[in-house]
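Student: I am new to this structure and would be grateful for a close look at a single part of it. Please begin with the chain as a whole and then turn to the aromatic rings.

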Amino acid sequence: HEWPQEALISVSKRFLGSVQLLTPEIRDSVAEFMAYVHTSVNNMSQTYLANEKRHNYTTPKSFLELIKLYESLMGKKHSELLGKIQRLENGLLKLQSTAAQVDDLKQKLAVQEVDLAQKNEDADKLIQKVGSESDKVAKEKAIADDEGRKVAAINDEVSKKQASCETDLKRAEPALMAAETALNTLDKTNLTELKSFGSPPAAVTNVTAAVMVLMLGGSTGKVPKDRSWKAAKSMMAKVDDFLNNLRNYDKDHIHENAIKAMQDYINSEEFNPEIIGKKSYAAAGLCSWAINIVKYYEVFCEVLPKRMALEDANKELNNAKEKLAGIQAKIAERAPKLSSLQELYRSAVVSRRRAKAAKDKTAAILDTLTRFMRAIRSKKYTWGREMKRLQKALLTMNADVMIAASFACYCGNFPPEYRQTILDQWLRSSAEWSSIGTECGSRGENCMSE
């Protein structure tokens with residue numbers, strides 16, 4: 001059953017009570033127009049059925065959806081229009097304030113140009129004076145620099161001698177590293193295993209004998225006569241102490257008696273870590289250590305004269321540095337005066353550069369402001385016209401929203417010609433509800449697109 005006209009109006013008034021944008025008078029007119037829309041659609045549905053033999057149904061739910069859509073569109077459209085109007089008002093106010101600022105800036109820039117011209121003139125005079133004084137000081141500094149270059153050449157030559165000595169000393173490094181690597185292969189376990197041999201091969205006892213020569217006779221020159229396995233085991237009795245003595249061995253001071261005694265072992269073909277390693281891993285490490293310690297010492301002895309030469313070179317270098325320091329001290333005495341003059345010169349150059357930049361900036365600002373003023377006139381007219389259009393749209397918003405919501409809720413199932421007929425009917429009838437809005441803006445097209 002269809003709702004009577006009074007029920008439709010009553011329901012719409014109740015739901016529209018929450019729409020704060022509506023005054024009581026407008027709310028009543030909107031409620032009546034909604035009821036009218038619902039009834040007119042029912043009438044058009046009867047005509048549609050008679051002409052086309054097709055049904056178009058309207059229900060109370062359709063009416064409630066109309067109310068809901070109207071309320072939603074009203075809030076959205078009102079906020080949208082107010083936002084646009086506010087932005088345009090802010091823009092127009094900004095244009096007005098900018099126009100006033102432009103006049104002030106033109107006066108300020110005119111004064112600034114005069115001031116900058118004076119600064120440029122003052123800077124030119126100061127630059128001439130500082131340049132003249134700087135030339136005088138530069139000549140004095142050139143003399144000191146020449147002396148500095150002479151000392152630098154001596155310093156370079158001494159550095160080369162030092163580098164040469166250090167290069168020769170590095171020849172001993174491989175043997176020292178090999179000895180350290182050999183020591184790293186030794187530990188308490190494999191040395192204990194070596195000590196446990198009852199009667200080791202001769203190659204192994206030769207290794208321990210050679211170690212005894214270095215350990216017991218290296219510093220004193222008293223090479224032990226007893227180098228038997230029993231004596232070797234006594235030397236290795238405390239494994240931790242034995243390892244520590246090997247690592248801290250004084251490799252730079254080995255007596256020549258020990259070196260001579262070592263030759264018989266080193267020259268033996270069997271005194272080779274690879275061969276010894278097949279018999280005892282620990283003995284191979286001791287063998288490698290003994291061989292490389294001797295190699296290191298031999299190179300060390302060869303380079304000793306060069307080390308002495310290096311010491312002399314360092315003395316020469318220190319003397320050269322002292323001489324250079326004396327010359328640099330003289331330069332430092334002149335530095336404050338030169339620094340002061342240079343600072344004045346830099347300040348003058350900076351001042352001149354800033355003056356030029358400020359003048360260029362002034363010209364650029366004037367050009368920008370001229371173009372901006374032209375844009376202001378165009379924007380002011382465009383924004384003013386848009387403001388009037390939006391204000392008019394705010395006046396017709398209620399009617400636009402009413403027509404658009406009605407069309408969206410009820411006309412979807414009608415063919416185009418029926419839609420246009422009922423839309424024209426609503427537009428004509430909307431004038432009778434004057435309190436809805438003065439008139440529909442663009443035949444409701446302000447909201448129809450939504």
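Tutor: A compact globule of 450 residues would have a radius of gyration near 22 Å, whereas this chain has 54 Å. The model is a predicted one. Along its principal axes, the C-alpha trace spans about 140 × 85 × 35 Å. The secondary structure comprises 13 helices and 0 strands. Of the 450 residues, 37% count as buried. Among contacts between residues at least 6 apart in sequence, 83% join residues that are at least 24 apart.

The aromatic rings give particular examples of links across the sequence. A pair of aromatic rings is described by the distance of the centres and the angle of the planes. A search of the whole structure finds 9 aromatic pairs. In one of them, the ring centres of Tyr48 and Phe414 are 5.5 Å apart and the planes stand at 80°, so this pair is edge-to-face. Tyr48 belongs to helix α2 (residues 24-52), while Phe414 is in the loop between α11 (281-410) and α12 (416-430); the two are 366 residues apart, and the pair links distant parts of the chain. Tyr48 and Phe414 are both buried.

Tyr48 also forms an aromatic pair with Tyr418, again edge-to-face, with 5.1 Å from centre to centre and 75° between the planes. Because Tyr48 lies in helix α2 and Tyr418 in helix α12, this pair ties together parts that are 370 residues apart in sequence. Tyr48 has a relative accessibility of 2% and therefore counts as buried. Tyr418, at 9% relative accessibility, counts as buried as well.

The 12 residues of α1 (residues 5-16) should span 16 Å at 1.5 Å a residue, and the end C-alpha atoms are 16 Å apart, which agrees. Within α1, the residues Leu8, Ile9, Val11, Ser12 and Leu16 are buried. Seen down the axis of α1, the buried residues fall within an arc of 165°, so they line one face of the helix. Glu6 and Arg14, on the other side of α1, are exposed. Arg14 also lies over the face of Phe15, at 4.8 Å from the ring centre.

Methods:
Residues are numbered from 1 along each chain as its sequence is written. This is a predicted model: local features need pLDDT of at least 70, side-chain atom pairs count only at pLDDT 80 or more; totals for chains, interfaces and linings use all residues. Side-chain values use heavy atoms; hydrogens and water are left out. Helices (H or I, at least four residues) and strands (E, at least two) are DSSP runs, numbered from the N terminus. The expected span of a helix is 1.5 Å times one less than its number of residues. Buried means under 20% relative accessible area, exposed over 50%, partly exposed in between (1.4 Å probe, protein chains only). The arc is that of the directions from the helix axis to the C-beta atoms. Rings of Phe, Tyr and Trp (its six-membered ring) pair if their centres lie within 6.5 Å; planes under 30 degrees apart count as stacked, over 60 as edge-to-face and the rest as tilted. A charge sits over a ring if NZ of Lys or CZ of Arg is within 6 Å of the ring centre and within 35 degrees of the ring normal. The radius of gyration is taken over C-alpha atoms; the globule rule is 2.2 Å times the number of residues to the power 0.38. Contact means heavy atoms within 4.5 Å.
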